[in-house]
Amino acid sequence: MSYTALYRKYRPQSFTDVKGQDAIVSTIRNQIEAGRIGHAYLFCGTRGTGKTTIAKIFAKAVNCEQPVQGSPCGECPSCRAIAAGNSMNVIEIDAASNNGVDNIREIRDEVAYAPTEGRYKVYIIDEVHMLSIGAFNALLKTLEEPPSYVIFILATTEAHKIPVTILSRCQRYDFHRISTDTISERLQELLEQEQAQAEEKAVRYIAKAADGAMRDALSLLDQCMAFYIGEKLTYDHVLEVLGAVDTERFSCIFRAVTGSQIVTVMQQIEELVCEGRDLSQFVNDFTWYLRNLLLLQSSDGMEEVLDISSENLALLKEECTMADSAQLMRYIRIFSELSNQVRYSTQKRILIEIAFIKLCRPQMEEDVSSILERLAQIEKKIEEGVIQPAASAHAASAQNPAASTQQTTGKADAGNAPMPKAISEDIRQVVKNWRSITAQMPDAISVFIRKARLSVGEGDVLLIVLEDSIIGEMLTEEERQREIKESISRSIGKEVQIQIKYNDTGQPFEKAYVDLEQVIHAPIEYEDFSD
């Protein structure tokens, strides 16, 4: 016999089996017991919350020969026929593929005939919001004055798309997301029936990842169990199968961000990509992690609100002191915007790297929260003695005049612009084609190097000068330098020696270096990376 997926195998067959929708179940059972059955119902809610399941149980209950407290017995011929999908009294229609006027007109013609068996004809129209305007108009008259033996159950995930004229003729039931506790308990019950073992932490994570959808939880559990058949399902197994990231990794990344250790953050992202982690899920989970930090910092007694283990709670308490609430709110804002961007992007990694650079470098943004964070960082550096008073710097220059004299290798003397030097034809070709060269570079390099300025050093070395020390440090890595040189070679057909530098002179580029753009008169279009 072929394998049956868990969400199909354990689909509730009676109201007592339904979990997480107690108010709706109680209302419908009372209506059936009292004989106060409506002619049209609208079931709204997110996917996997039980709309179609309850609709089928409802159809069985109203046609059941021996109902028990408003719930179907499951044993009579009518119940068995509906459960097997063989009943002529229950008609399921997928409005996504049957959304035309003709499809609804067929229903309007069919409702004129009473059921041959049972008491009610039940029409279950799934994804009803997909019907066309003409189809809704065709359905309207039937909903307004249906025969006494017809019940319509409309199910949708987007109730706002349904015309008001349809809504006003239905009893509306909103299905809410099922709690993590309820889903966890249900998964544990099914694991016992399947005679499978799993760590409580693993089951808890699956329930949380399902985001309130019982069907999604069962599908995820099915997927994890299939990957580790015959083994105990552990928390690490679940993370591996679902491409998720452990909380310890979030902790490491957060500590690197608060310490402005951008290289460490980039290394962590590189590891996530190599491990095949889902980057969209990573963004959502890290945003949730920041939310937990903010809640813990905002008020005492938040431990009960946070659904985490005691060891992770101790770690969060330590980390929430590393950043103030304004910083955390800025982090959450950036990642909230990022979650919308990565959803449809084909360059998720680049967007994530840029977001983390923004976290580490608030000077890249000009909003109030970023300026306040920059001021806080400066105050911290002054307290730690990293930034010396201006008087001390002048005194040091007076004691050692030679230290303040710059060398003439492409740099200025005492604020004067450097003199142009002889430039080889190879360098000229690079400058003239710089825009097309950067466009051909890998995305991880191209997005950062476009703001670089070009100069020339001793030995006909092409100087690629950056104003940002962190980006300069990233591009000086051996692998990235090799890719830059290869891109240049492919463009001009020759190999050019390059040197990536950070402008640490304290002066504008035009005063500190030979500006090849001005010398060669080849305008180069620079992109502002901070936008």
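## Helices, loops and cysteines in a predicted model

Helix H14 (residues 279-298) packs against helix H17 (residues 348-360), with axes 10 Å apart and an angle of about 25° between them. Because angles under 35 degrees count as roughly parallel, H14 is roughly parallel to H17. Keep in mind that this is a predicted model.

**Where H14 meets H17**
- On the H14 side, the contact is made by Leu-279, Ser-280, Phe-282, Val-283 and Phe-286.
- H17 brings Lys-348, Arg-349, Ile-352 and Phe-356 to the contact.
- Sort the residues of this H14 and H17 contact by type and you get six nonpolar, one polar and two charged.

**Another helix pair: H9 and H11**
- Helix H9 (residues 200-209) and helix H11 (residues 235-242) have axes that come within 7 Å and cross at roughly 30°.
- That angle makes H9 roughly parallel to H11.
- H9 takes part through Lys-201, Ala-202, Tyr-205 and Ile-206, while H11 uses Tyr-235, Val-238, Leu-239 and Leu-242.
- The residues of the contact of H9 with H11 come out as seven nonpolar, no polar and one charged.

**The whole protein**
- Of the 531 residues in the protein, 44% are buried.
- The protein exposes about 27600 Å² of surface, and carbon and sulfur atoms supply 48% of that.
- Look at contacts between residues at least 6 apart in sequence: 73% of them join residues at least 24 apart.

**Two residues up close**
- Ser-251 sits in helix H12 (residues 247-258).
- Is Ser-251 buried or exposed? Ser-251 has a relative accessible area of 5%, so it is buried.
- Once you set aside its neighbours within four places in sequence, Ser-251 is in contact with Tyr-289, Leu-315 and Glu-319.
- Ile-91 belongs to strand S2 (residues 90-94), and with a relative accessible area of 21% Ile-91 is partly exposed.
- Again leaving out neighbours within four places in sequence, Ile-91 is in contact with Val-122, Tyr-123 and Ile-124.
- Ile-91 and Phe-152 are 61 residues apart along the chain, and their C-alpha atoms are separated by 9.8 Å.

**Loop residues with a positive phi**
- Most residues other than glycine have a negative phi.
- Gln-69 is not a glycine, yet Gln-69 has a positive phi of about 50°.
- You'll find Gln-69 in the loop between helix H3 (51-63) and helix H4 (77-84), and at 55% relative accessibility Gln-69 counts as exposed.
- Ser-260 is not a glycine either, and Ser-260 has a positive phi of about 55°.
- Where is Ser-260 found? Look in the loop between H12 and helix H13 (262-274).
- With 31% relative accessibility, Ser-260 counts as partly exposed.

**Cysteines**
- A disulfide is a covalent bond between the sulfur atoms of two cysteines.
- How many disulfides does a search of the whole structure find? The search turns up zero.
- Cys-274 is exposed, with a relative accessible area of 61%.
- Cys-360, in contrast, is buried, at a relative accessible area of 2%.

Methods
Residues numbered from 1 in each chain as written. Predicted model: local features only at pLDDT ≥ 70, side-chain atom pairs only at ≥ 80, totals over all residues. Heavy atoms only, no water. Axes fitted to C-alpha atoms, helices over the stretch in contact; angles between N-to-C directions. Helix = DSSP H or I, 4+ residues; strand = E, 2+ residues; numbered from the N terminus. Parallel < 35°, antiparallel > 145°, perpendicular 65-115°, else oblique. Contact = heavy atoms within 4.5 Å. Nonpolar A, V, L, I, M, F, W, Y, C, P; charged D, E, K, R; others polar. Disulfide = S-S within 2.5 Å. Buried < 20%, exposed > 50% of the residue type's maximum accessible area, 1.4 Å probe, protein only. Areas by Shrake-Rupley, 256 points an atom, 1.4 Å probe, with all protein chains shown as cover.
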